[in-house]
Amino acid sequence: MVVRVRTLNCILLFILLFVGTAFATEPDEEPLFIAIDADFSTVAVEGGNAIARGVALAVARINQEGGVLGRPLRIIHKDHRGNPARGVANIRQLAQTKDLLAIVGGIHTPVAIAELPLLHKHNLLYLGPWAAGTAVVDNNFEPGNVFRISIRDSEAASVLIKHAKARGFKRVALALERTGWGRSNLESIKNAAQANDISVEKVTWINWQQKDFDDAAISIDAAGVDAVIMVANAPEGAVVSKALHRTMGGKMPVISHWGIASGNFVTTVGPKILSELDISVIQTFSFLYQNNPAAARLYKDYQAAYGKAAPDAVPAVVGVAHAYDLVLLLAQAVKQADSIQIADIRQAMENLPKTQGTVKVYHPAFTRKRHDALWADDYFMARFNANGNLIPIMR
Amino acid sequence: MSARPSLASTLQRILLPKLLAAIFAFSLLICTAVVYFAHQQVSSSQQQYIDNLRTDINFSVRDTLLLLESIAGNDLVVNSFIDLEQRDNYLPLFFRTLRLSRATDVSLALFDFSGQPIISKNWQNTVPPEINTLWHAPTLQQGQQFWQMYEYGMVMAVPVHISASIEGALVFYVKDIGQLLNKRENSATQIIVGPGNKVLYSTQPDEVAPLSVFLPDQYPYSTVHSSQWQNLTLYSLSPIPQAYGAVLWLIAVLLLSIIATLAVSLHSVNRAARLTANTLDALYKSILVRMQQTTVIHSGSPKDEPAELAQIRSAFDNLAANLMTITLSNKQFANVIDSLEELLVVLDNHNTMVTCNQRYARVAEQFNLGATELQRISGYLAQTSKTLDATYTDVAVPRKITIKWALLPFVNDKKEVIGTILVGNDVSHQRDLESRNRLMTHAMESATVSIAIADITRTQMPIVYVNEYFSKLSGFEASEALGEPATILVGPKTERPTLKRMFEKVKVGQPFEETLLLYKKNGQTFYGRLAMTPVRVDTVVTHYVVFFQDVTEQEKTREYLEEAKAKAEESARLKSSFLASMSHEVRTPLHGISGTLQLLDASKLDQKQRKYLSLALQSMHNLQHIVNDILDFSKIEAGQLNIEHVPFNLSLLMETIFEQYYINCNNKGIELNVQLNLKETNYVTGDAVRLRQIMGNLLSNAVKFTSEGAVSVLVELVDQRHQWQLRGVVRDSGIGIAKDKINNIFEVFTQEDNTTTRRFGGTGLGLAITRQLCQLCGGDITVNSEKGQGSTFNFTIQLAKAYQELTDNNHADDLKPAEKLPAAKILLVEDNEINQLIARENLNGHKVMTASNGKEAINALNQMKLQFDMILMDCHMPEMDGFEATRRIRHGDAGERYTNVPIVALTANAMKGDREACVAAGMSDYISKPFTATDLQRVIRMWATNMDKL
C-alpha cells in the first residue's frame with residue numbers, strides 16, 4: 001500500500017511539474033479540469049493507477065502543445081474505492097467544480113451504473129476507459145453523457161464464447177461476481193453461447209470479498225464441463241482460480257473476462273499455481289507486436305515518465321491506452337467545438353473525424369447513436385507468461 | 001505398693017488443670033479468628049458478585065461484537081455495498097434471519113461510509129436518534145469496534161471493510177441491558193451506575209429502581225461494595241444480618257468442639273497411663289525369663305511398645321550379645337591369613353609344621369610339596385639368609401610355578417625364637433616376562449632391517465637404541481650412535497620438505513612412512529625407506545621406533561619405469577596422430593573418387609558400364625566403411641571421440657535403421673523380427689549417430705553371419721528416474737562363436753578366426769568399436785553364443801530424458817520437406833579441382849563462383865559487384881588457409897557488406913576440435929567431407945535463404 005501511495009505521489013508530482021512548465025508561459029490563464037474517479041486503494045489499484053497514468057500522459061502531451069483553447073488542463077483525483085456509494089458522493093462533489101470538462105471513470109461497472117443518474121442530472125461528461133457493463137453506455141438517458149473506449153460486455157461475451165468454440169469446447173460453466181457486472185455478462189454470455197451451439201451447464205456466483213469457492217468448484221467439476229468462463233475482479237478471480245486448481249488441478253481451462261487484469265491477481269494466485277492453470281484473458285491492447293506509431297509514442301512517453309518496463313510488463317496496460325486515447329479525443333472535441341459547454345463538447349465527440357489512436361484507428365470513434373468505440377473485432381485473447389505478464393495469443 | 005497412687009491417677013492430677021487452661025485460651029483465639037474471617041468472607045463474596053457481573057458483561061459484549069464482526073465480514077454484506085441494484089433481494093432476508101444475542105428486543109442496522117442507513121431491523125421508533133453521534137467517529141473514521149452502555153441502553157458498532165478500507169458500519173442496539181446478562185444467582189443486589197450516579201441496571205428493581213439516582217449513604221444498614229469500570233461504577237449491596245447470617249452457625253460448632261475436646265483429653269490420659277503400666281510389666285517379666293536362659297535370643301517385645309522402653313530392652317539384649325562375640329575373634333585371625341596371596345607356613349624348632357594358610361595348602365597339594373621340601377628350604381635359608389627361587393611342576397596339567405621363598409623367625413611374647421615362618425611369593429609371571437624380553441632383544445639385534453629408537457621427550461631426540469643391522473648399513477657403531485640426535489643420517493641433499501613433513505608427524509605423534517635420501521658414516525648416500533611408529537605410554541608418545549631399509553635399487557627401477565611409461569604414451573599419441581592424419585590424407589582422394597563416381601552415376605551409361613560402376617561404388621562404400629572404422633578407432637584410442645548430447649526422435653531412428661535391414665534380410669531370405677518397447681517415448685537426448693552405429697554394426701554382423709533362419713531384435717527403454725537406459729538384444733541363428741574364442745571377440749583385429757575374415761570380409765574393428773561406443777555412452781555389451789547355434793548380443797546405453805517443447809521444434813525442422821530452394825549466389829573456395837567439380841555439380845541450380853585459396857577469395861569479394869549470399873570455405877589451402885581468410889573477412893578486409901556473410905567450412909578433418917577451430921575463426925557452420933548433396937542443401941537452406949530475415 002505504501003508503495004502504491006508513493007507511486008500516486010510520483011504521478012501527482014509529475015503532473016504538477018508538467019502543468020507548472022505549461023503555466024510558466026501563460027500564467028494568467030485559468031485551468032480546465034479533468035477528474036479521475038477510480039479505485040486507488042482497495043481491490044483494483046493496479047487498474048486505477050494505470051488509468052491515472054494514461055490520463056496524466058495525455059494531459060502532459062496536451063499541455064506541452066499549448067493546452068486546450070489556450071488554457072492548461074489539470075487533473076483532479078477522486079478515490080471511489082470500488083464502492084458505489086463513495087462514487088455517487090464523489091460525483092456530487094465534482095458537480096460543484098467549475099470548468100470541469102469530463103470525468104474519467106474507473107474499473108467497476110457497479111460504481112459507474114450507480115453514478116449514472118447524478119451524472120445526467122448535473123449534465124457531466126463521463127469517459128469510460130474500463131468498466132465494461134453494457135448498461136453503462138446503453139443507459140436510457142437522452143442525451144447520453146457516457147463515451148467509452150473499452151470492452152463492451154455484450155461484445156466480450158461473443159469473443160469469449162468464440163474462443164471457447166475455437167478450442168473445441170462444447171460445455172461450459174460460468175463463475176460470475178454477484179453484481180450488476182456479473183449479471184450483465186450472464187445474459188450476454190448465454191445469448192452468445194446459444195448462437196454458437198455451446199451449452200452453459202452451470203452458473204456459479206461469487207460475492208465480493210468471498211474467501212471460499214470450493215463448493216462451487218466441486219459442483220463445476222461434477223457438471224463435467226470443458227471450460228469455465230470467469231467474470232470477476234482480481235481478488236475474487238484469484239479465489240475462483242485457486243479453488244478450481246485445488247479441485248481439479250490445472251486441467252480445467254479458464255476463459256476470463258478482464259477484471260483479473262485490474263488488480264494483483266498474479267501475486268495473489270502465485271506463480272506456481274498460475275503456471276499450472278490454463279487461463280486466457282480478454283484484452284484490447286498490448287505494447288507487444290505493435291506497428292502502430294501512436295502506440296510506440298505512448299510506450300516511449302510511458303517509459304520516460306515511469307521508468308523502463310518491458311512491453312508486456314506495463315501493469316493493466318489497457319487502462320493506460322484507453323484513458324490516454326479518451327483524453328486526447330476529448331481535447332480534440334473541445335477544440336473542434338471551440339467551447340467548454342457540455343452540450344457542445346458532446347456534439348463534437350459524436351462528430352470527430354477519423355483519428356489515429358493508440359488502440360486503433362478510429363473512424364470515427366463515436367457517433368450520435370454509438371458511444372462505444374471498441375467492438376468485438378478489436379478484442380483478443382491473451383495468456384499469462386512465466387513472469388505473470390499478459391501475452392496476446394496469436395492465432 | 002497399694003499405699004502409693006496408681007500411674008493413671010498421678011497423671012490425671014498433674015495434666016488436667018493445664019489442659020483446661022489451654023483449651024480456654026485456644027477457644028478465645030478461635031472466636032476472634034472466626035469474627036475476623038467472617039468479615040473477610042462477606043467482603044470477598046460481595047467483590048466476587050461485582051467481578052462476576054463485570055465478567056458477564058464483558059463476555060456478553062465480546063460475544064456480541066464477535067458476532068457483529070463476522071456479519072460485517074460476511075461476503076454477502078460486503079457484496080451488498082457494491083450490488084446496489086439487487087441487494088434488496090437478499091439483504092432483508094439475510095437480516096431477518098439473524099439472531100445476535102440472548103436479548104430478544106434488539107435493533108440492528110447497516111450504514112454506508114457516510115453514515116447513511118442501508119438496511120435496518122427494529123430501528124425506527126426504537127432507537128434514540130442521539131446514539132448515532134456515539135459510534136460515528138470511532139467506527140467510521142478510526143475503523144475500531146465500539147460499545148457503550150448509557151442511560152437509554154447499550155450500543156455496539158463494528159466497521160465493514162472492503163479490502164483494507166472502511167466502507168460502512170454494522171450497529172447494534174438494545175434498550176434493556178438486563179437482556180444481555182445472565183440472571184444473578186445471589187441474594188445481594190448488583191447495580192450498574194453510569195455518569196451522574198444514574199442507575200443503568202439493577203438486579204432487583206424493587207430495591208434500587210433503574211434510572212433513579214443512586215447514593216450509597218441511603219443504605220446505612222447494608223454492606224456496600226463498589227468497583228470502577230470504564231466510565232461505569234458497579235455496586236453490590238446486601239443487608240448486614242443477611243451478610244453475616246452465613247457465619248453465625250460457627251459459634252455453636254465451636255462450643256460443641258470444646259466439650260468434645262475435654263472428654264477426649266480425659267480418656268487419652270487414662271489410656272496412656274494404662275498402656276505404660278502394661279509395657280513396664282511386660283519388660284519386667286521378660287527380664288526375669290532371660291535371667292534363666294543362656295543362649296542369645298532377643299527378648300520378645302510387646303506390640304506397640306513405646307520407644308524409651310524399647311531402648312532399655314535393646315541395651316539389655318546388646319549386653320548379652322557382646323559376651324558371645326569374644327569367642328568368635330580367633331576364627332577371624334584364621335580368615336586373615338587364609339586371605340593372603342603369599343604362601344605362609346609356620347614351623348617349630350623341629351621343623352614340624354605348626355600351621356599354614358589355605359594358599360599354601362592348595363599349592364602343596366597341586367605341586368606335591370611335602371615336609372621334606374619344607375625342611376630343605378628352611379635349612380637352606382637358615383644358612384644363607386637370602387631368598388630361594390624354587391620351581392615346581394604339576395605333572396598332570398602340566399604347568400610350572402616358580403616360588404620365591406623367604407624366612408622369618410617365629411618369636412613368642414618373651415622374644416624367644418620358637419620356630420620359623422616361611423613366606424613364599426609366586427613369581428612365575430615375572431620370570432616369563434624376563435624370558436620374553438630376552439627373546440625380543442635377540443630378535444631385534446639379529447633382524448636384517450635397521451632398527452633405531454629415539455627418545456622424543458628430550459631435546460634433539462637422542463637415539464637410545466640401534467641394532468646391529470643399523471651399524472652394518474650406516475657404518476655407525478652402536479656406541480657411536482647412542483645419544484646422538486635422531487638426525488644422524490641426514491645430509492645436505494636429504495629432501496627438506498619430506499623431513500619437514502616427518503617432523504610435523506612426530507610432533508602430533510602419528511606413524512609415518514617415506515623414502516628419502518640418507519647418508520652413511522663415510523658420506524655415501526643411499527635411499528632409505530623409513531617406517532616410523534610412535535610408542536605410547538598412557539597416550540603420551542615417548543619414543544619413536546624407526547625401521548629402515550636401503551631401497552636405492554628399487555628407487556632406480558621406479559625412475560626407469562616412469563621414463564619407459566612416458567615413452568610408451570608418447571608413441572601411442574604419435575600413433576593416433578599418425579592414424580588421424582593418414583585418414584585425413586586418405587579421405588581427400590576418397591572424396592574425389594566418391595564424388596566422381598556419383599557424378600558418373602548421374603550420367604547416361606549403358607548396361608555394362610552401369611554394372612561396372614555399381615561394383616566400383618560398392619567397393620567405394622566398403623573402403624569408406626573401413627576408413628571410417630579406422631578413424632573411429634583411432635579417435636577412441638586418442639580419447640578424441642565426442643559423444644553428442646542432443647534430443648532426437650528415437651522411434652523414428654529405429655524405424656529408419658530397421659527399414660534398411662528389412663531389405664538386407666529380405667535379399668538374403670532370412671527373417672527380421674523386431675520388438676520395440678519404447679514406453680510411448682519418442683524423444684530422448686543422446687548421440688543418435690553413435691546409437692545408429694552400434695545398432696548398425698550388430699545388425700550387419702547378424703545379417704552377415706546368418707544364412708538361414710532369423711535375426712531378432714529387441715529394443716526397450718528402462719526408466720531410471722532421471723534418465724533412460726536403452727537395452728538392446730540382437731539375436732541371430734548364424735554360425736555362432738566357439739567357446740574358446742568368445743572372450744576375445746571384442747578385442748581389436750579379432751574375428752573368430754582368420755578363415756572368417758576370408759569368408760565374410762571386414763576389418764575386425766567393428767565389435768571393438770561397438771564395445772567402446774557402448775562404454776562411452778555409459779553402458780556395455782556382452783555376448784552369448786555357441787558354435788553353430790547363433791549368437792546373442794546384449795547391450796545397454798544411457799540416454800537422458802528430453803523436454804517435449806524443445807524436441808517439437810527440432811521435429812518440425814526434421815520433417816520439413818526438401819523444398820525447391822531459390823537460387824543463391826555462392827562463392828566456393830577450394831584448392832582441389834576434383835572437389836571443386838563435385839561441389840559445383842552438387843550446387844546445380846545456384847550461381848557458383850570458385851576461388852582456389854583465401855587470397856583469391858578476398859580479391860573476388862572486393863572486386864565483384866555481385867553480392868554473394870554465402871561462402872563455402874575449404875580449411876586447408878595453399879597461400880592463405882580458410883581460417884585466416886575467414887578472420888580477415890570478418891574483420892572487414894572484403895568490405896563492410898561481407899562482415900556478417902554466412903561462411904560454411906568444408907573440412908576433411910573429422911577429429912575433435914575441428915568445430916571449435918572453425919567457430920573460433922568466425923565461421924557460421926561446417927560440413928565435413930565427403931559431403932553429400934543433402935548436406936549442401938541443408939546449409940544453403942539454413943544460411944543462404946535466411947539473409948533477408950537477419
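# Exercises on a predicted two-chain model

The model is predicted: local features need pLDDT of at least 70, side-chain atom pairs count only at pLDDT 80 or more, and totals for chains, interfaces and linings use all residues. Residues are numbered from 1 along each chain as its sequence is written, while chains are lettered from A and ligands numbered from 1 in the order in which they are written.

**Exercise 1.** Determine where in chain B pLDDT stays under 50.

*Solution.* 
Step 1. Chain B averages a pLDDT of 81, and 89% of its residues score at least 70.
Step 2. The stretch under 50 is residues 805–818 of chain B. For this stretch the model has eight contacts beyond four places in sequence; a contact requires C-beta atoms, placed from the backbone, within 7 Å.
Step 3. Where pLDDT is low, the predicted coordinates should not be read in detail.

**Exercise 2.** Describe the side of chain A that touches chain B.

*Solution.* 
Step 1. Count the residues: 20 of chain A are in contact with 17 of chain B.
Step 2. Name the elements: α3 (84–94) and α4 (109–121) of chain A each give two or more residues to this side. The largest share, four residues, comes from α3(A).
Step 3. Sort by class: this side of chain A has eight nonpolar, nine polar and three charged residues. Ala, Val, Leu, Ile, Met, Phe, Trp, Tyr, Cys and Pro count as nonpolar, Asp, Glu, Lys and Arg as charged, and the others, Gly among them, as polar.

**Exercise 3.** Classify the packing of α6(A) against α7(A) by angle.

*Solution.* 
Step 1. Helix α6 (residues 153–166) and helix α7 (residues 180–195) of chain A pack at about 45°, with axes 8 Å apart. Axes are lines fitted to C-alpha atoms, for helices over the stretch in contact, and angles run from 0 to 180 degrees between N-to-C directions.
Step 2. Angles under 35 degrees count as roughly parallel, over 145 as roughly antiparallel, 65 to 115 as roughly perpendicular and the rest as oblique. Therefore α6(A) and α7(A) are oblique to each other.
Step 3. Residues making the contact include A157(A) and I161(A) of α6(A), and S188(A) and A192(A) of α7(A).

How values were computed:
pLDDT is the predictor's confidence in each residue, from 0 to 100. Two residues are in contact if their C-beta atoms, placed from the backbone, lie within 7 Å.
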